Amino acid sequence: MDRVVFNPFSPLMLLFFFGLLALVLLAVIVFPILFLSAIGATFTRLGFTWWQALLILLLTLIGSFVNIPVKTLEGRPGAPAYDRYAVMYGRLYRIPQQAPRTVLAVNVGGAVIPVLISLYLLYDSVVLSGGYLLFALALAGVAVVTVTTKLVARPVPGLGIATPFFIPPLAALFAALILSLFAGGVPGSSVIIAYVSGTLGTLIGADLLNLHHIAELGAPTASIGGAGTFDGIFLTGIIAALLA
């Protein structure tokens with residue numbers, strides 16, 4: 001008797017399966033490599049060597065797990081209950097249980113390191129390069145991003161302050177492209193202005209100018225530059241400088 005073996009999967013199904021597997025491998029392996037390469041390229045455009053960029057990236061990744069508590073904010077008694085989820089700027093946020101107090105912290109990788117890099121770039125533009133004009137233009141960019149971010153930042157009860165992810169980087173990018181026209185041909189002026197204005201502008205506009213709202217929202221933790229309540233300082237500077 002002849003034996004006939006049937007393939008349970010059609011060629012179309014096999015093609016779909018291998019295509020799905022390729023997409024998964026792309027998301028797990030290729031995208032992170034491209035993302036890290038883009039970050040490294042951004043720091044080299046800012047004047048750092050590849051070894052310095054690698055060190056900054058390593059310290060940033062390690063520092064992202066470190067939150068330094070700064071202050072404990074007492075919440076207002078009798079805060080109303082909110083739903084477990086809230087939608088803000090098209091993003092679904094999970095709302096934790098209302099907390100009687102909020103621990104305000106600063107994330108090392110997401111806030112401290114980007115701010116130190118920005119301050120170094122400002123110092124370098126004045127002391128090492130004599131670029132007082134570039135210093136002033138960078139501060140003007142910070143003011144533009146600060147005002148823009150402050151206008152779009154919204155408090156989310158139980159979570160913190162939310163901002164649309166794309167607006168601060170675009171504001172920093174446009175400010176850098178316009179202000180760099182007045183930099184007198186200083187090399188890399190647009191990249192420096194984009195990074196400094198994106199980093200410091202987001203920190204001031206989204207975080208520092210909204211600290212008075214934090215105690216009212218009942219969030220258990222508010223981490224400046226960390227995941228959750230405050231984020232985007234690190235990525236805003238990177239994206240803006242990469243596109244500039």
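Which residues does Thr146 touch, not counting residues up to four places away in sequence?

Reply: The model is predicted, so local features are given at pLDDT of at least 70 and side-chain atom pairs at pLDDT 80 or more, whereas totals for chains, interfaces and linings use all residues. Residues are numbered from 1 along each chain as its sequence is written, and side-chain values use heavy atoms, with hydrogens and water left out.

With residues up to four places away in sequence set aside, Thr146 touches Leu200, Gly201, Ile204, Gly205 and Leu209; contact means heavy atoms within 4.5 Å. Thr146 belongs to helix α4, residues 132–152. Helices (H or I, at least four residues) and strands (E, at least two) are DSSP runs numbered from the N terminus. Thr146 counts as buried because its relative accessibility is 11%; buried is under 20% relative accessible area, exposed is over 50%, and partly exposed is in between, with a 1.4 Å probe and protein chains only.

Thr146 is also one of the α4 residues that meet α6. Helix α6 covers residues 189–207, and its axis lies 7 Å from that of α4, at an angle of about 40°. Axes are lines fitted to C-alpha atoms, for helices over the stretch in contact, and the angles run from 0 to 180 degrees between N-to-C directions. α4 is therefore oblique to α6: angles under 35 degrees count as roughly parallel, over 145 as roughly antiparallel, 65 to 115 as roughly perpendicular, and the rest as oblique. The crossing of these two helices is right-handed, that is, the near helix is turned clockwise from the far one by less than a right angle, anticlockwise being left-handed. On the α4 side the contact includes Val142, Val145, Thr149 and Lys150, and on the α6 side Leu200, Gly201, Ile204 and Gly205 are among the partners. By class, the contact of α4 with α6 has 11 nonpolar, 9 polar and 1 charged residues. Ala, Val, Leu, Ile, Met, Phe, Trp, Tyr, Cys and Pro count as nonpolar, Asp, Glu, Lys and Arg as charged, and the others, Gly among them, as polar.

α4 packs against α5 as well, at an angle of about 150° and with the axes 9 Å apart. That angle makes α4 roughly antiparallel to α5, and the crossing is right-handed. Val144, Val145, Thr148 and Thr149 are among the α4 residues in this contact, and Ala171, Ala172 and Ala175 are among those of α5. The contact of α4 with α5 has 11 nonpolar, 3 polar and no charged residues.

Helix α5 (residues 167–179) packs in turn with helix α8 (residues 233–243), at about 40° and with an axis distance of 8 Å. α5 is thus oblique to α8, and passes α8 in a right-handed crossing. Pro168, Pro169, Ala172 and Leu173 of α5 meet Thr236, Ile239, Ala240 and Leu243 of α8, a set of 7 nonpolar, 1 polar and no charged residues. Leu170, also in α5, is partly exposed, with a relative accessible area of 36%. From Leu170 to Thr236 the C-alpha distance is 8.7 Å, across 66 residues of sequence.

For the chain as a whole, there are 8 helices and 7 strands, and 41% of the 244 residues are buried.
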